[in-house]
Amino acid sequence: MIQIHHLHKWYGRFHALRDINLDISKGERVVICGPSGSSKSTLIRCINRLEEHQQGQIIVDGIELNAKAKNVHAVRREVGMVFQQFNLFPHLTVLENLILAPMRIRKLPREEAEDLATRLLERVRIPEQVNKYPNQLSGGQQQRVAIARSLCMRPKVMLFDEPTSALDPEMINEVLDVIGELAQDGMTMICVTHEMGFARTVADRIVFMDKGEIVEIADPVEFFEQPKNERTRQFLGKILQNR
Ligand code: ADP
Ligand code: MG
């Protein structure tokens, strides 16, 4: 579903991604972790061309991300993204947030878009919030609306960039549960997170990044029980200590 080969990215002279190689199969769930500033966000933002790479290849479902606008649009239609900050439109209700893109971009008639939105709000377990505005919802609820909004576009891949980092602790699990259910339904996903319980139970593979490089890729058991790289061990030591 996603092929990344010898990917490099620079911000000006700063070498942000260094020879990244990562292939992700259909239905696979990958967690990316690593210290702040290790280019986790940069990597997943390259996958839907929110950032441009300068060297190497990214191919999503057979479409190469390159200068062709047609390809970029095609990939963006297939890839949904959820951010740390929910990025909902504050002046629109939950329903309006959800039906906007399906109507404008997928050209669904309003009624169909509303049906879809209603089903997806049930899936993220907040059907009763349909007519509220974002600021009338808790952070956990807003993030679940953001997830439903992405799903309205019927993506083949979902990217999550620290989806629970802006939430109060008691709301983290309600969002992780929804993401976990999506994973169980077979959605291909990449999730940047430091929620190691989630990584252990949901991920097929864990990617550890440091300083713009992939340092280690392992299945969860291997990653937590026998990390190979010294930098991985240090990182795990730090975050597990902070729990
Ligand atoms: P992470 O998500 O792992 O915390 P980021 O991908 O956000 O890391 O950032 C990786 C590095 O790239 C950081 O050093 C950051 O300062 C730098 N960076 C990120 N975005 C930009 C940008 N738009 N312009 C210049 N430097 C950037
Ligand atoms: Mg980040």
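1. Helices (H or I, at least four residues) and strands (E, at least two) are DSSP runs, numbered from the N terminus. By that scheme, R13 is placed in the loop between β1 (2–11) and β2 (14–24). R13 counts as exposed because its relative accessibility is 86%; exposed means over 50%, buried under 20% and partly exposed in between (1.4 Å probe, protein chains only). The C-alpha atoms of R13 and G37 are separated by 16 Å, and the two residues lie 24 apart along the chain.

2. This is a predicted model, in which local features need pLDDT of at least 70 and side-chain atom pairs count only at pLDDT 80 or more, while totals for chains, interfaces and linings use all residues. Residues are numbered from 1 along each chain as its sequence is written, chains are lettered from A and ligands numbered from 1 in the order in which they are written, and side-chain values use heavy atoms, with hydrogens and water left out.

3. Helix α1 (residues 40–47) is largely enclosed by the rest of the structure, because six of its eight residues are buried. The buried residues are K40, T42, L43, I44, C46 and I47. After α1 comes R49, which has a positive phi, near 65 degrees.

4. An open sheet is formed by six strands in the order β6-β7-β8-β3-β9-β10, with mixed pairing. Its edge strands, β6 (79–82) and β10 (213–218), each pair on one side only. From one strand to the next, the twist averages 20 degrees. Two strands pair if DSSP finds at least two bridges between them. Strand β3 (residues 29–33) and strand β9 (residues 205–210) run parallel and are joined by four bridges. In β9, F208 stands opposite C33.

5. Helix α2 (residues 69–78) lies across β6 and β7 (157–161), and runs at about 65 degrees to β6. Axes are lines fitted to C-alpha atoms, for helices over the stretch in contact, and angles run from 0 to 180 degrees between N-to-C directions.

6. Helix α5 (residues 139–151) and helix α6 (residues 169–184) have axes that come within 8 Å and cross at roughly 20 degrees. The angle therefore makes α5 roughly parallel to α6, a term for angles under 35 degrees. Contact means heavy atoms within 4.5 Å. On the α5 side, G139, G140, Q141, Q143, R144, I147 and L151 meet M171, E174, V175, V178, I179 and L182 of α6. The residues of this contact divide into seven nonpolar, four polar and two charged; Ala, Val, Leu, Ile, Met, Phe, Trp, Tyr, Cys and Pro count as nonpolar, Asp, Glu, Lys and Arg as charged, and the others, Gly among them, as polar.

Technical notes
Parallel < 35°, antiparallel > 145°, perpendicular 65-115°, else oblique.
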